[in-house]
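Good morning, colleagues. I would like to take you through one model, from its confidence scores to its core. Please keep the display in view as I speak.

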Amino acid sequence: MVKTVIAKAHTNIALVKYWGKKDAQLMLPQNGSISLTLDHFYTETQVTFDNQLTTDQIYFDDQLLPAAKAARITKFLDLIRQQSGQTAPALVKTANHVPTSAGLASSASGFAALAAAGSRAAGMDLSPKALSRLARRGSGSATRSIFGGFAEWYAGHDDATSFAAPLQDPVDWDIQMIAVVLQATKKPISSTDGMARVVATSPYYAAWVKTAQNDLERMRTAILNKDLTAVGTIAETNAMRMHALNLSADPAFNYFTADTLTAIKTVQNLRAQGINCYYTLDAGPNVKIICASADTAAITAALQQDFAADQLIVAKPGPGITIKEV
Ligand code: DP6
C-alpha cells in the first residue's frame, strides 16, 4: 500500500558546537553538542514511496531538484530503503519555513524531517532515539532536531551509541534568541568541508575537543539551573573557539562579514550597559543573540541603528518533531 507521510522539524542552534567528525561515513562527531530548538524556523517534508516512479523525485519549495543537487537526499533515501526493505523510488516534497533568503534554512531541520517522514513512509516505526540516529546520517546537526527545547547529542563511538536526547523540554524559563539575518555572500566553504579541513589541519584541534568536553558539563548545569548568564557565557566562548579553529586551518577560512562584526560589537556594547545578552554564530554570517524576552526592545533598538527591523527575528524555544500520515 502506498503511504504518504508528512513530518515537521524545527531547526536548532548549538550552544556547544559540533565541529568535526571522527567517522565521516557513520557521521560520528569528535565531541558531543548541546542545542536549543527554535520555534520560528522549520521544515515540512512529505514522502511517498511509489513503484510507479522510475527515480526519486525531490521537490524543494515546488521546484524539482536536478539529480546533482538531489544527490545527498537520494543517498539518504537509499539508506532508508536499505534499513526498511522498501524498494520503490520516492516522491519527496519539502518546504522550508524561514523568512525569504534568511540563510537560516538548515540541514538540521531538513534531514530531521526527511528521516521522520521517509522512515514512516517506508513502513518503519522508529523510536525518537532511533530517528535521531537515522537523521544523524543525513546531517550531524539533524541528530538534535528530533527533539524540542534543549537537546544533547552524545558523541558515542559507533552507530548505536551516537544519538541525541532531550535535556530540558519544555523550556519553562525565559530564554530566547534574536536572529540577526545578514546579507549572505557566497559561503566560503560548506560546514561539511570546513570541519573536515579543521580536523585535518588545525594545530588547535585537540584543545577544542578537550575544552568542548568541559563546556558540555558546564552547559548541562547552566541549563538545569536556568542560568541565562552561564548559558550565554559558555555558548559565546564555545562559538568563538569554533571560529578560531577556522582561522587556524590551512588554508584559513572564516564565515564573518563586516556586518557580523558590527552585530557582535553591538552585543558587547549592550552588555557593557548592563543588558544580559550573548552571541553565537554558525557556518554563516548570521548572528544569534541569546537573551531574555524582557530585553527584546532594548536589544532590537540598538541593532536597528545598523540593521533593518525585518533583519531581526525573535525566536523562542521550539517543539520536537511531529509526524502525520495523510
Ligand atoms: C556550526 O550538521 O551542517 O552548525 O554533519 O556535515 O551536515 P554535516 O554538518 P552540519 O554542521 C553544523 C555545524 C554547526 C554547529 C552545530 O550545529 O553543532
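Let me begin with a definition: a residue is called buried if 20 or more other C-beta atoms lie within 10 Å of its own, exposed if 12 or fewer do, and partly exposed in between, with C-beta atoms placed from the backbone. This is a predicted model, in which local features need pLDDT of at least 70, side-chain atom pairs count only at pLDDT 80 or more, and totals for chains, interfaces and linings use all residues. Residues are numbered from 1 along each chain as its sequence is written.

The model scores are ipTM 0.99 and pTM 0.97.

Which residues of H1 are buried? They are Ile73, Phe76, Leu77 and Ile80. These buried residues pack against strand S5 (57–60), strand S7 (90–97), H2 and helix H3 (128–138). At Ile73, H1 bends by about 35°, the bend being the angle between axes fitted to the seven residues ending there and the seven starting there. After H1 comes Gly85, with a positive phi near 85°.

Next, the core. A nonpolar core is a set of buried Ala, Val, Leu, Ile, Met, Phe, Trp, Tyr and Cys residues joined through C-beta atoms within 7 Å. The largest one has 86 residues, and Ala112, Val231 and Ile289 touch the most other members. Helix H2 (residues 107–121) gives the most to this core, nine residues. Both domain 1 (4–170) and domain 2 (176–315) supply residues, so the core lies between them; the domain bounds come from an automatic or database assignment.

Two residues are in contact if their C-beta atoms, placed from the backbone, lie within 7 Å. Beyond four places in sequence, Val231 touches Leu15, Ile175, Met219, Ala222, Ile223 and Ile290.

Finally, Ser109, which is found in helix H2. Is Ser109 buried or exposed? Ser109 is buried, because 33 other C-beta atoms lie within 10 Å. Its contacts beyond four places in sequence include Ala9, His10, Phe41 and Ser145.

Methods. Helix = DSSP H or I, 4+ residues; strand = E, 2+ residues; numbered from the N terminus.
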